[in-house]
Every structure is written in C-alpha cells, then in structure tokens.
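Let's take a walk through a protein together.

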Amino acid sequence: MCCDLKRRFLLLYATQKGQAKAIAEEIQQQAGAHGLEADMHCMSEMDKYNLEAEKDPVVIVISTTGTGDPPDTARKLIKKIQDKTLPPDYFAHLQYGLLGLGDSEYTFFCNGGKTVDRRLQELGAQHFYDTGLADDCVGLELVVDPWIDGLWLALKEVFLLQKEKESMSSNANAVTNSLPTVPCEHKPDLTSKIQQLKLEDEGVKSSSVLSQKLVDINLVTSVQDTEPSLVHSVPPISQSALNVPALPPEYIEVQFQDTRGEDPSLASLVSEGAVFEVPVTKAVQLTREDAVKTALLLELDISDTTFDYQPGDSFCVICPNNAYEVEELLHILGLSEKGEHVVHVKVKQGTKKKGATHPQHIPERSTLKFILTWCLEIRAIPKKAFLRALVECTSDAGEKRRLQELCSRQGASDYTRFIRESNACLLDLLRAFPSCRPSLNLLIGKWLTFNLIRFEHLPKLQPRSYSVSSSNLFQPGKMCFVFNIVEFPACPTRLASRKGVCTGWLAELAEPLLHTNKSIQDAKGGNPSTEKISIFARSSCAFHLPADPSIPFMMVGPGTGISPFIGFLQHRQKLREEHKDWRFGETWLFFGCRHQDRDYLFKQLRCFLESGTLTHLKVCFSRDLPAAEVAPPKYVQDMVRLYAKEVARILLKEGGYFYVCGDKKHMADGVSDAVVDILSMEMGADKLEAMKVLATLREAKRYLQDVWS
C-alpha cells in the first residue's frame, strides 16, 4: 500500500450501555496497527463531524435499546436524516460500513442499525463494506470479530480506488490540446494491487503487534479424557496451533492505599435521575412451596418521597453482588483483610490509548469491597479478551493452554458451550483454574480496561428493572412489584446452584416478612422495617392505559407477566368508583400458569370480575391434566386464538388496545403469531397483509409489549 494514500476514516458510534462505544474503541485501537487513523466521535456530537461534507469512508457502530429503539445518542442524527424534504442524492458522496448490535430475542432485532442503514441508502449513500448485525443472544463476538477483521481490507480497497481516481484525474489534466486525439480507454488493473493488499493484511494479522499470535502447541499437557470440559480439551483443538487476542494497552492505574475510608452514596452511581431509598413494608409468597418457580410480591413505602408512577411503568432497583461471593473473591485473591481499605483509580499517565477517561461507574476513591459489591458485575460472563488477560496470571502450563484455547478462534465452540451457555463467571474460572491468581492491580485494572475496550467483560453492575404491580390511586403511598426468584442449577461448570443477583438479594430481604403475610407494622414489636432498597424511575414508556376510558383493551400476561395488569385493574376499579357517570370499555385478561393450585398468582382476579372492572377473564394451566374429554388450551396464545372474532373486533372495529407482558421467546412471539393469524383470517387477507396491519398497530402504540428474555 502506497505511503501517500489517504488513511483517515470517520468512526461514529451510538451506545446506550457502552457496548457500541467499547467496540468503536477497539476499532480505533486496531486502526493504528493497520496504518490507518480513526477519527472517532459519539453520534450525538454533531458539531465535531459533518456527514454532508465527508469525503473519507465512514464506519458506524450502533446499538439498539428497548424492544427496538435507537440509543439516545443516535436520536439527534436520526431525526435530522429522517427529514422528508432531503433529496434522494443527499448523501450520494458518502461511502460507509455499518455494524449493528442487537438481541434476536426481541422482535425488532438491530432496529437501531437497520433504521440508520436504510435511511442512508434512501439518501444515496453507498456501502463500501457489507453491514454486520451482531446478536447478543448468541454472542456479539461471533459477528463483531470477523466483521472487524474484514474491515481493514475493505478500507484499503476504498483508499486504493480513491488514489487511482486521483491519479487518472491528474493525468487527464496534464494532457494538452497539441496531442493527437486517439481514442483510448484507461482501465486500471486493480487486481494485482488488491491481491497485494490481501497479502499485506495477512502479514499484519500474523504480526505480534496486532490482535493475534501463534501459541506454542507444545505447552499442552496430555489429557486422558475423551470428552471436553471447561478445564480440558480433546483433539483437534488440543493439538492445534491457536490464534488468540493480543493484550490491549492498559490505561487505568490502581493504587491500593493502606487506609480505611467512607464509601460514596449509591445515588452517585446513577446518572439517570433521582434515587430514593425506600423501606420494604410487606412481602407475600404468591406460589406454593412445590411450584417450579417461587414468585414474591414486595410492597414499598414511597409516601415520604416524591417518587411518582403510573400503572404500567417500570422502575429500577440498585442491587449489590452476593456478599458471600464478594468475600470468596477477596479470599481467593488473598485480600480478605483489605476489603475495607481504600482503592484509588485514575487514568495512567503516558497511556497510548486515545481519549482515555476515568470510567464513570467507578468512584475515584472507595473501598475495595464497595467496588466489588456495588460497581462491577462479577457474575458477568467473561469475554474472550478477559480470558486472554487471565492467561498472563496463570502459572500452570496445562491451565494456561486451556484458557488460551477458550479465547482462541479455534476454541469458539468450546467457549460457547463451557463459558457462554453455562453462564460461567469469574469465580467459576478461578475455582476451575487454581493457578490463575491475578494481582489486585492487574485484576481491577483489567476489569476497568476491558470494560471500556471490549464488550464490557466485567461491566457496570446494572440496576435491575421491574414492572409496577399497583396503582397509586388505589394504594396511595405504596408501590408493589412481583418477581420470580431466578435459580441457576448446579452443572459441571458450576458445582453449586445459585440465585439471581437481584432476586436472590430481594428474597433475603423479604424473608423476615414472609412468615407473617402482614405489613411490618403489624409484626412482632410493631417496629417499622429497617430493610430499605434504593430505586429510581425508568424513562417514560407507552405501556399505559388508554387515555380514553371508553376504549376497550385486551391484556395477555402469563406468570409474572400479569404484574402490570394488576395495577391496570386497580386503577380502573378506583376510577369506576369515583366516576360513576363515565363510560368504560370492556376489558379482557388472558392469564396462564403451570398449575392452578400451585402458581395461580392472583386468585383475587375474581373480585375484579365480580365488580365489573374486568369484563372477561380467560385462564389456562399448561401442566394440569384435563378433566374433560376435549383438552382445554394449554397456553395463552392458544386461548387468544379461541377468541379470534373478539380480538379482531376490538382491534379492527373498535380502535382497542392489546397489551402483552412476560417472556419474549416462549410466549410473546407466540401471541404475536396468533394475532397475525387472527387478522389474516378475519380480514380475508394473506399473512403478509396481516403482518403489515400488526406493524401499523405497533406504530400507533395500540399493540404494546413489555417483555424480557
């Protein structure tokens, strides 16, 4: 590649939780080794770049948030390019490559990236590199890694073509009128030059400076096991040369101070809004002891706060890591006596990382235990780059080799099977590889470094979101929510079972209240609860009751998916009591669970039915043996199909709403398919036309989902 070719490209990212930024920073990091310069900006910083005048290639990394929304940092640009008055050749000069991030568990997979990609194409922009769509459901790295690898050749081809055009233009300008006018067609032979680029690129890949290196296969020790596991492999990988990631440069400096100090408030960890510390005043177990899942209802007292909500809203709980796991991690690291001592974190002087900044979710000064408890997701599934860092801390040759295999390209299937699908975490790895002993400086430094460089390897401990299951109108000063206690059973990778980070913690807090089923004020001693949790409101959503109470609506919520609909019905009942002259539309609820006598969460739904607040209640029990000769519907999507004419009437003729809450993969998609089939049948149209109608209902916020994977 000629030294005078243009080497700059514009790199834009739009992120919600940091993943797109981390990937963009990885691209910027690798660009220098390929002789290129990435001019990187957040998409929201529109004063720092100008797409209308951009002549160099543009690389875009954009995530998707919610059920298909672009990240907040992309909204300004998207609003600008969605302007219908822009001509179709507005971006005809622009060449770009786009990498979208998403989760296929949700209906609108990678919709943030697809929205930008589609609009740029409509405005005349051209791809210089195929769009990549990475799926967090199976592992972003499965698409991201090869997409980044192919990016360099695509960029070099763009620069080569630009040089050829510039050369041809220069030659044409040098031609004088005195030359004979002989017809001549110049077709630059780019084949050999592009082939040379490929050879150069392969040479770069094999260089120790970049992101791969050859691992000596002689390090592997002989293993007698015929089946692979987390700790050992079998041929062919055990006998293969490996390509593993190189270590990125460190930019975080950690100073361990032999002093004790005070920790910052939990509110300082949140930038989304006001944080409220509220007491847990009531806990009820909604399921029987022999139910497959344990569901709890917690009541919070918000009367002394300014926290406000509507039925259908969600809120976030700031939760800690499991205290026993934090203590075990400190013990393994030999730091049990240092947990209360201060750790000072700052950007390393002289770092080669461009734009290095202090991670916002890590206090500059706090105790080690505070960082491990409240700041870092120690249960996060380790990504390959983090495994690569642990290789350097492992003394046993066999363990070192196995970690190299798991982070290598050759070990992709083993990584998926024993790390990702097994939900392995850092503690699982430290137990499985006892010679891996990272120092405090390396461990925290690597956590922070990789958190911003590659896929958030031990990312920020994210607050957990829950749907409100009450009405402030019905229960002033109170807010309820319902959740299942998440259980992770023991497996070969994880020898002991464990509970979810937040649900396990909430269950422990609720334990003293569960024995009374009364508010804590009625419990022994009559003292108010001292157990408090920190919460904050989520940004407003559209999952609310229709503004016009006369509009009919249907609700589908099996299991804990019924949670927001309890708030809907409480609110509607209070409105009926206070406004007897109002006209209220009919209400339908489809509820399902495994067993009627074990996990029918709210049997008091009959009260809403008897009062007329709920017009129709349809329930199904998927594991109960049918008493009748004709088996009843097992799942809510089957029950919805039974009432096809009513569904079509409410949606197509009466302008009604349709709400779905609960599991995405096993329920919400099935309900969506059922509604499409119903619309197709009742309209006498094909399935494609019915899907378009459903899409229109979604856009009009009349088909609404609150789902999780």
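**Rings, strands and a hidden space**

Start with a spot where a charge meets a ring: the charged end of K384 sits over the ring of Y415, at 5.5 Å from its centre. You can find this kind of arrangement again at R576, whose charged end lies over the ring of F584, 5.9 Å from the centre. Keep in mind as you look that this is a predicted model.

Searching the whole structure turns up 25 aromatic pairs. A pair like this is described by how far apart the ring centres are and by the angle of the planes. Take F565 and Y659: their ring centres are 6.5 Å apart and their planes are at 65 degrees, and since an angle over 60 degrees counts as edge-to-face, that's what we call this pair. It links distant parts of the chain, because F565 belongs to helix α14 (residues 563–578) and Y659 to strand β23 (residues 657–663), with the two residues 94 apart. Are these two buried or exposed? F565 has 0% relative accessibility, so it counts as buried. Y659 is buried too, with a relative accessible area of 0%.

Compare that with W588 and F590. Here the ring centres are 6.0 Å apart and the planes are at 15 degrees, so this pair is stacked. Both W588 and F590 are buried. Going back to F565 and Y659, you'll find them in one aromatic cluster together with F543, F553, F568 and Y657.

Next, follow strand β10 (residues 276–285). Of its 10 residues, 7 are buried, so the strand is largely enclosed by the rest of the structure. Which strands does β10 pair with? One is β19 (residues 532–537), which runs antiparallel to β10 and is joined to it by 4 bridges. Here F276 stands opposite I535 of β19. Another is β11 (residues 295–301), also antiparallel to β10, with 5 bridges between them. On that side, V280 has L300 of β11 as its bridge partner.

Last stop: empty space. Rolling a probe the size of a water molecule over the atoms shows where such space is left. Across the whole structure, the search finds 2 cavities of 30 Å³ or more. The largest cavity holds about 100 Å³ of space. What lines the largest cavity? Its lining includes L269, V270, I318, H361, W374 and K460. Sorted by type, the lining residues of the largest cavity come to 8 nonpolar, 2 polar and 1 charged.

Definitions and conventions. Residues are numbered from 1 along each chain as its sequence is written. This is a predicted model: local features need pLDDT of at least 70, side-chain atom pairs count only at pLDDT 80 or more; totals for chains, interfaces and linings use all residues. Side-chain values use heavy atoms; hydrogens and water are left out. On a 1 Å grid over the protein atoms alone, a cavity is a set of points where a 1.4 Å probe fits but cannot get out, and a pocket is an open set with protein on both sides within 12 Å along at least five of seven lines; lining residues have an atom within 4 Å of a point. Grid points are joined across faces, edges and corners, and a volume is the space filled by probe spheres set on the points. Ala, Val, Leu, Ile, Met, Phe, Trp, Tyr, Cys and Pro count as nonpolar, Asp, Glu, Lys and Arg as charged, and the others, Gly among them, as polar. Rings of Phe, Tyr and Trp (its six-membered ring) pair if their centres lie within 6.5 Å; planes under 30 degrees apart count as stacked, over 60 as edge-to-face and the rest as tilted. Buried means under 20% relative accessible area, exposed over 50%, partly exposed in between (1.4 Å probe, protein chains only). A charge sits over a ring if NZ of Lys or CZ of Arg is within 6 Å of the ring centre and within 35 degrees of the ring normal. Two strands pair if DSSP finds at least two bridges between them.
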